[in-house]
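Here is a walk through one protein model, picking out a handful of residues and what surrounds them. Have the viewer open and follow along.

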Amino acid sequence: MTPRITLATAARVLNQLRHDPRTIALMLVVPSLLLTLLWWMYDGGAVFDRIGPALLAIFPFLVMFLVTSIATLRERTSGTLERLLSMPTGKFDFLAGYALAFGLVALVQALITASVAIGLLDLNTAGPAWLLIAVAVFDALLGVALGLFVSAFASTEFQVVQFMPALIVPQFLLCGLLVPRDQLPDVLEAVSNVLPLSYAVDAMSEVQTSTDPQVWGQIGIVLGFSVVLLALGAATLRRRTP
């Protein structure tokens with residue numbers, strides 16, 4: 001990987017996003033709107049305080065997965081990726097540049113969403129707010145990495161959406177939001193233990209309930225999954241869609 005090429009790729013992606021206000025709105029505004037809708041449904045209170053932090057992990061993860069996978073697929077179907085890879089740009093330079101660009105977007109997204117949740121919606125957590133934001137950023141980065149990986153196997157945007165029931169929905173069902181993971185049947189608990197979103201939600205729950213949250217182990221697992229997914233994405237990325 002060449003840092004100069006990676007930074008140039010990230011700058012190109014950010015410049016493209018700058019001219020796409022709908023995508024910017026999807027990434028930066030939609031998670032906050034969804035949390036606000038949830039707060040409105042439950043009129044705030046204990047239920048929102050219980051599930052709000054978990055959804056603060058899930059919504060950015062979902063949005064970044066969709067945007068990243070579709071954006072990367074368009075690079076391939078338009079022939080841009082093939083032209084880039086015919087130059088000194090390597091596959092990992094390309095993916096790392098995308099991860100860096102969307103990682104910066106994820107940071108802004110997490111700041112906005114967490115600020116809305118804590119400042120406007122009165123989300124109560126025992127742990128520090130900055131740690132809640134940090135976990136949200138790593139969760140969004142996980143969505144970026146998974147989106148980059150999945151884009152290598154899709155030929156159309158519709159196929160990208162088809163991956164959601166296979167890869168996203170099971171993680172949502174087993175992450176501990178609906179049923180605590182230790183109360184799941186043994187087989188399902190074992191499955192949840194190898195799904196990265198489970199550890200993201202665990203970290204959020206720890207920040208919610210503990211005044212001295214110990215979340216760096218969970219964050220390390222989420223980050224490890226992200227790195228592995230990026231490496232797999234670089235190994236499987238095709239220059240173009242046949």
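## Starting at helix α1

Leu-17 sits in helix α1, which covers residues 3-18. The model is a predicted one, so keep that in mind as you click around. Is Leu-17 buried or exposed? With a relative accessible area of 11%, Leu-17 falls under the 20% cut-off, so it counts as buried. Setting aside residues up to four places away in sequence, Leu-17 touches Thr-23, Ile-24, Met-27, Phe-102 and Val-105. Take Val-105 from that list: Leu-17 and Val-105 are 88 residues apart in sequence, but their C-alpha atoms are 9.7 Å apart in space.

## Spans from the UniProt record

The UniProt entry, which is unreviewed, lists residues 24-42, 54-73, 94-118, 130-153, 160-179 and 215-237 under "transmembrane region". How do a couple of these look in the model? Residues 24-42 come out as 95% helix and 0% strand, with 28 Å between the end C-alpha atoms. Residues 130-153 are 92% helix and 0% strand, and there the end C-alpha atoms are 36 Å apart.

## The nonpolar core

How many residues does the largest nonpolar core have? It has 65, and the ones with the most contacts inside it are Met-27, Leu-35, Leu-55, Met-64, Phe-102 and Leu-146. Helix α7, residues 129-151, gives the most to this core, with 14 residues.

Met-64 is a handy place to look at the packing. Ignoring neighbours within four places in sequence, Met-64 is in contact with Met-27, Phe-102, Val-105, Ala-106, Gln-109, Ala-140, Gly-143 and Val-144. Met-27, Phe-102 and Val-105 are also among the residues that Leu-17 touches.

## An aromatic pair in helix α6

There are two aromatic pairs in the structure. In one of them, the ring centres of Tyr-98 and Phe-102 are 5.7 Å apart and the ring planes are at 35°, so the pair is classed as tilted. Why are these two about one helical turn apart? Because Tyr-98 and Phe-102 are four residues apart in helix α6, residues 91-120.

Go on to the loop between α6 and α7 and you find Asp-122. Its phi is positive, about 55°, although Asp-122 is not a glycine. For background, most residues other than glycine have a negative phi. Asp-122 counts as exposed, at 53% relative accessibility.

## Around Arg-181

Where does Arg-181 lie? Arg-181 is in the loop between α8 (157-174) and α9 (186-192). At 13% relative accessibility, this arginine counts as buried. Its charged end sits over the ring of Tyr-199, 5.5 Å from the ring centre, and its side chain makes a polar contact of 3.1 Å with the side chain of Ser-192. Beyond four places in sequence, the contacts of Arg-181 include Glu-189, Asn-193, Ser-198 and Asp-202.

Ser-198 lies in helix α10 and is buried at 1% relative accessibility. Leaving out neighbours within four places in sequence, Ser-198 is in contact with Leu-174, Cys-175, Arg-181 and Ser-192. Leu-174, Cys-175 and Ser-192 are also on the contact list of Arg-181.

Helix α10 spans residues 196-209, and Gln-208 is in it. Gln-208 counts as buried, at 16% relative accessibility. Which residues does Gln-208 touch, not counting residues up to four places away in sequence? They are Asp-49, Arg-50, Pro-53, Asn-124, Thr-125 and Ala-126.

For Asp-49 there is a polar detail: its backbone oxygen lies 2.3 Å from a polar atom of the Gln-208 side chain. Gly-103 gives a separate distance to check, with 105 residues in sequence and 24 Å between C-alpha atoms separating Gln-208 and Gly-103.

How values were computed:
Residues numbered from 1 in each chain as written. Predicted model: local features only at pLDDT ≥ 70, side-chain atom pairs only at ≥ 80, totals over all residues. Heavy atoms only, no water. UniProt positions renumbered as here; feature names shortened; annotations may be inferred. Buried < 20%, exposed > 50% of the residue type's maximum accessible area, 1.4 Å probe, protein only. Contact = heavy atoms within 4.5 Å. Polar contact = N/O pair within 3.5 Å; in protein donor to acceptor, adjacent residues only side chain to side chain. Core = buried A, V, L, I, M, F, W, Y, C linked by side-chain atoms within 4.5 Å. Phe/Tyr/Trp six-rings, centres within 6.5 Å; stacked < 30°, edge-to-face > 60°. Lys NZ or Arg CZ within 6 Å of the ring centre and 35° of its normal.
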